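Welcome to this short briefing.

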Amino acid sequence: MLIRHPGDIRPSEITPPEVYRARRRFMQGLGALAAGTLTGVAADVQAGVKLAGVRASAYTLNEDKTPYKAVTTYNNFYEFGTGKDDPAENVGSLKTRPWTVTVEGEVGNPGAYDIDMLMKLAPLEERVYRMRCVEGWSMVIPWVGFPLREIIRRAAPTGNAKYVEFVTLADPKQMPGQRTRVLDWPYVEGLRMDEAMNPLTLLAVGLYGELLPNQNGAPIRLVVPWKYGFKSAKSIVKIRFVERQPLTAWMKATPNEYGFYSNVNPGVDHPRWSQAKERRIGEFFKRDTLMFNGYGDQVAQMYRGMDLKKHF
Ligand code: MTE
């Protein structure tokens, strides 16, 4: 997000999957040898695990899904580097079990959930969502997860809970990108309470019917399809209910470029580039970007009366 302009990205930049997989296997082999363990490989094994009991949902799209290989090799996950193929190459050091997600702040029912418990909290469903990165590329991804509101309901927010803050793991040993201060770690994101409660807002634990690969935010990440991709925080360890609007990592870094709302909006340009069009990964010609990424029917009412140029 600091580095590229949308026009710079070509489909050919995606590393061919065979090359990538072979390189990753090689790197992980080296890592495992160096550490004297097989932990680097374990992450890979987990990512391929088929999730049981995933139900279909009404959230489907009449659009081609972005191939699994592109979804898992062309990523933004600055904790593992700022290049698009850095995450897939470097995520072997992330340990996603055991993993605890704490729910805290303005709630009647705070708690610490083990990830394997959390995954059984609500039925898992598949939801095919359009995802639009602020940099100008987009994908169609079949996520597996459950609505965030399932957790919110159980947490029983108090009347003071106006926003929800999401915090990614902070551990430079597991996340080598955190050894450089490209962002003020940990990665923090946030939603207004009604946005968090919106039925579209998903906590994803998988994609393409399988456990989430580390590079896509394992073991659990947010998915907010009507907002630019950076709102969808990865590898979450904390969900905090707060009274004040959270200061997100990107607002801290460049407040004039990345606002709190960050709704997909072709009519409000990024200060350094237009947001009117996007390149669907795998396609050659650009397509028009849709207001709220095409989810206006489900979300537009939340912003009625708001100046979306001001609240960008
Ligand atoms: N979450 C964390 N913790 N760190 C990140 O760098 N990048 C964001 C978002 N979540 C990011 C993150 C951005 S810019 C995008 S576009 C999406 O993750 C990309 O998600 P994907 O790699 O699963 O497609």
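Helices (H or I, at least four residues) and strands (E, at least two) are DSSP runs, numbered from the N terminus. By that scheme, Y208 falls in the loop between β7 (202-207) and β8. This is a predicted model: local features need pLDDT of at least 70, side-chain atom pairs count only at pLDDT 80 or more, and totals for chains, interfaces and linings use all residues. Residues are numbered from 1 along each chain as its sequence is written, and side-chain values use heavy atoms, with hydrogens and water left out.

**The ligand and its surroundings**

**Polar atom pairs at the ligand**

- N75 places a polar side-chain atom 2.8 Å from an oxygen atom of the ligand.
- For T168, a polar side-chain atom lies 3.0 Å from a nitrogen atom of the ligand.
- S232 takes part through its backbone, with an N or O atom 2.9 Å from a nitrogen atom of the ligand.
- Taken alone, the ligand exposes 530 Å², and the protein buries 96% of that (areas from the Shrake-Rupley method with a 1.4 Å probe).

**Cis peptide bonds**

- The bond from R97 to P98 is cis, with omega near -15°, and P98 belongs to the loop between α4 (86-90) and β1 (100-105).
- A cis bond also runs from A218 to P219, with omega near 0°; P219 is in the loop between β8 (210-211) and β9 (221-223).

- Y208 has phi near 50°, a positive value in a residue other than glycine.
- Y208 is partly exposed because its relative accessible area is 25% (buried means under 20%, exposed over 50%, partly exposed in between, with a 1.4 Å probe and protein chains only).
- N293, also not a glycine, has a positive phi of about 55° and is placed in the loop between β12 and α9.
- With a relative accessible area of 1%, N293 is buried.

**L290**

- L290 is located in the loop between β12 (287-288) and α9 (296-299).
- L290 counts as partly exposed because its relative accessibility is 39%.
- L290 and W226 are 64 residues apart along the chain, and their C-alpha atoms are separated by 9.4 Å.

Notes. A polar contact is a pair of N or O atoms within 3.5 Å; within protein, one must be able to donate a hydrogen and the other to accept it, and residues adjacent in sequence count only if both atoms are side-chain atoms.
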